Protein chains: 2
Amino acid sequence: MNLSRNDETANTFEIRPGRKRRLLHTDRLMMVVIDFEDGPAAEPDTPHSHPHEQVTYVAEGEVLFFIGTDSRRLFPGDMVAVPPDQPHGIQLMTPYVRLIDTFTPIRQDFL
Amino acid sequence: MNLSRNDETANTFEIRPGRKRRLLHTDRLMMVVIDFEDGPAAEPDTPHSHPHEQVTYVAEGEVLFFIGTDSRRLFPGDMVAVPPDQPHGIQLMTPYVRLIDTFTPIRQDFL
């Protein structure tokens with residue numbers, strides 16, 4: 001069975017100190033668990049964009065989520081969809097945040 | 001911004017008493033939050049299959065997850081991938097379970 005345990009280190013990558021991601025994917029669908037331990041943040045992260053469709057679930061903590069000129073505060077259990085090529089980003093509002101990012105097609109740049 | 005709040009009732013559907021789902025999607029990517037309040041279960045649900053690729057995240061509770069003849073107990077933070085057309089199913093091991101199911105392409109049968 002193709003699974004990824006919460007505490008496993010395989011396929012876990014430190015993005016930078018205090019931030020790491022763990023991923024699992026099929027041919028065209030990728031799920032990425034991102035743990036942020038460097039919040040809260042005084043300012044938003046720099047927005048970014050990608051051609052992949054994205055839907056994100058807030059598993060723990062709170063973020064300000066930016067898409068284009070719009071921003072909303074998201075809480076645990078909230079979901080947000082990001083269209084392809086749309087600049088988006090977050091600002092951490094709590095010390096710890098866990099986001100579940102999903103993409104199609106898969107993010108080859110994460111492999 | 002295309003989002004779905006944890007407590008919203010829009011796009012929330014009662015599958016049967018004690019089970020409901022809430023969804024958000026883009027053109028080719030669907031995320032479904034499923035809340036099960038009818039656990040634990042004495043037996044597994046009947047397995048099902050679909051041509052969609054699926055990746056599931058366990059947000060709360062524990063399940064036995066079945067794919068074909070394989071089964072594993074999944075805990076919060078675990079992820080599992082389901083290939084297309086592979087029979088799979090769950091057995092609830094705790095009173096409350098929340099799964100985050102994601103699919104590509106989108107489940108037209110959920111709209």
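Modeller: A polar contact here is a pair of N or O atoms within 3.5 Å; within protein, one must be able to donate a hydrogen and the other to accept it, and residues adjacent in sequence count only if both atoms are side-chain atoms. By that rule, 22 residue pairs are in polar contact across the interface of chain B and chain A, with both residues at pLDDT 80 or more. This is a predicted model, in which local features need pLDDT of at least 70 and side-chain atom pairs count only at pLDDT 80 or more, whereas totals for chains, interfaces and linings use all residues. Residues are numbered from 1 along each chain as its sequence is written, chains are lettered from A in the order in which they are written, and side-chain values use heavy atoms, with hydrogens and water left out.

The contact (heavy atoms within 4.5 Å) takes 42 residues from chain A and 42 residues from chain B. The buried area, meaning the accessible area (1.4 Å probe) that the two parts lose on being put together, summed over both, is about 3300 Å², and carbon and sulfur atoms give 64% of that area. There are four salt bridges between the chains, each being a side-chain nitrogen of Lys or Arg within 4 Å of a carboxyl oxygen of Asp or Glu; one of them joins E53(B) to R28(A) at 2.8 Å, N to O.

Strands are DSSP runs of E with at least two residues, numbered from the N terminus. Those that each supply at least two residues to the side of chain B that touches chain A include β1 (3-4), β5 (53-60), β8 (79-82) and β10 (97-104) of chain B, and the largest share, six residues, comes from β5(B).

Two strands pair if DSSP finds at least two bridges between them, and β1 of chain A (residues 3-4) pairs with β8(B) in the antiparallel sense over two bridges, where L3(A) has V80(B) as its bridge partner. This pairing belongs to an open, antiparallel sheet of seven strands, in the order β1(A)-β8(B)-β5(B)-β10(B)-β4(B)-β3(B)-β2(B). Because β1 of chain A and β2 (12-16) of chain B stand at the edges, each with a single partner strand, one side of each is left without a neighbour in the sheet. Within the sheet, β5(B) and β10(B) run antiparallel and are joined by seven bridges, with V55(B) standing opposite T102(B) of β10(B).

Terms used. Helices (H or I, at least four residues) and strands (E, at least two) are DSSP runs, numbered from the N terminus.
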